[in-house]
Amino acid sequence: MMFRLIAALRTGKTLPALRRAALAVPAVLLGLLVADAALAGVRTAVVPKRVIYPGEELDAGQLEEVEVTNPNIVNGYAETIGAVNGLVSKRTLLPGRVILTSALREPFAVSRGTTVQLVFDAGTLVLRAAGTPLQDAAVGELIRVRNKDSGVIVSGTVMADGTVHVVAK
């Protein structure tokens with residue numbers, strides 16, 4: 001269809017308006033599909049602007065998105081700043097190098113040695129006690145906590161509010 005339109009334009013022959021519109025619509029749609037395919041092929045990667053050391057929280061001001069020019073690059077790197085903003089570096093990140101997602105972690109919700117609230121919930125029975133985490137942990141991780149009153153070590157899951165929900169044995 002598109003070839004007929006081009007041939008008609010070269011020879012100077014005019015086509016009826018309805019037929020011209022029928023030929024133009026597929027050409028426009030084809031152009032949109034080609035443009036979408038070209039845009040879909042563009043990949044971006046997140047790189048630091050300066051050296052980021054282990055334990056440092058990533059901030060959008062420290063990062064920039066660049067176009068990936070290597071077609072053979074493997075997956076596993078950060079593609080958008082929003083995906084890594086607020087995460088913490090596990091190792092040194094160098095400027096201009098892609099950031100691997102395996103080099104990042106969630107920030108800790110509880111820190112080793114601080115006081116947290118232990119919660120045991122068994123239906124209508126809810127027990128609360130003070131405890132000391134034996135390790136740093138992010139939300140959703142299973143950790144060991146020492147009960148401050150009895151000295152017993154229990155396991156529990158860290159919640160978003162900083163409490164630890166104790167697992168029944």
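Student: Hi! What does the secondary structure of the chain come to?
Tutor: Hello! The chain has three helices and nine strands. Reading from the N terminus, the order of elements is α-α-β-β-α-β-β-β-β-β-β-β.

Student: Okay, and what is the mean pLDDT of the chain?
Tutor: The mean is 83, with 76% of the residues at 70 or more. Keep in mind that this is a predicted model.

Student: Where is confidence lowest, and where is it highest?
Tutor: Helix α2, residues 17–40, has the lowest confidence, with a mean of 52. Strand β7, residues 142–147, has the highest, at 96. There is also a stretch, residues 33–38, where the pLDDT is below 50. Apart from near neighbours in sequence, that stretch makes zero contacts in the model.

Student: New topic! How much of the chain counts as buried?
Tutor: Of its 169 residues, 24% do. As for the surface, the chain exposes about 11,200 Å², and 58% of that comes from carbon and sulfur atoms.

Student: Can we look at one residue? Where is S89, and is it buried or exposed?
Tutor: You'll find S89 in strand β3, residues 88–89. S89 counts as buried because its relative accessible area is 1%, and the cut-off for buried is under 20%.

Student: Which residues is S89 in contact with, leaving aside neighbours within four places in sequence?
Tutor: Those contacts are I52, Y53, P54, G55, E56, A103 and L104.

Student: Nice. What about T163, where does that one sit?
Tutor: T163 is in the loop between β8 (153–158) and β9 (164–166).

Student: So is T163 buried or exposed?
Tutor: Buried, because its relative accessibility is 8%. The side chain of T163 also has a polar contact of 2.8 Å with the side chain of D161. Setting aside neighbours within four places in sequence, T163 is in contact with Q117, V119, T157 and V158.

Student: Then which residue lies over the face of F108?
Tutor: That is R105, at 3.9 Å from the ring centre.

Student: Last one! What share of the contacts between residues at least 6 apart in sequence join residues at least 24 apart?
Tutor: In this chain, that share is 41%.

How values were computed:
Residues are numbered from 1 along each chain as its sequence is written. This is a predicted model: local features need pLDDT of at least 70, side-chain atom pairs count only at pLDDT 80 or more; totals for chains, interfaces and linings use all residues. Side-chain values use heavy atoms; hydrogens and water are left out. pLDDT is the predictor's confidence in each residue, from 0 to 100. Helices (H or I, at least four residues) and strands (E, at least two) are DSSP runs, numbered from the N terminus. Contact means heavy atoms within 4.5 Å. A charge sits over a ring if NZ of Lys or CZ of Arg is within 6 Å of the ring centre and within 35 degrees of the ring normal. Buried means under 20% relative accessible area, exposed over 50%, partly exposed in between (1.4 Å probe, protein chains only). Accessible areas come from the Shrake-Rupley method with a 1.4 Å probe; for residues, only the protein chains shown count as cover. A polar contact is a pair of N or O atoms within 3.5 Å; within protein, one must be able to donate a hydrogen and the other to accept it, and residues adjacent in sequence count only if both atoms are side-chain atoms.
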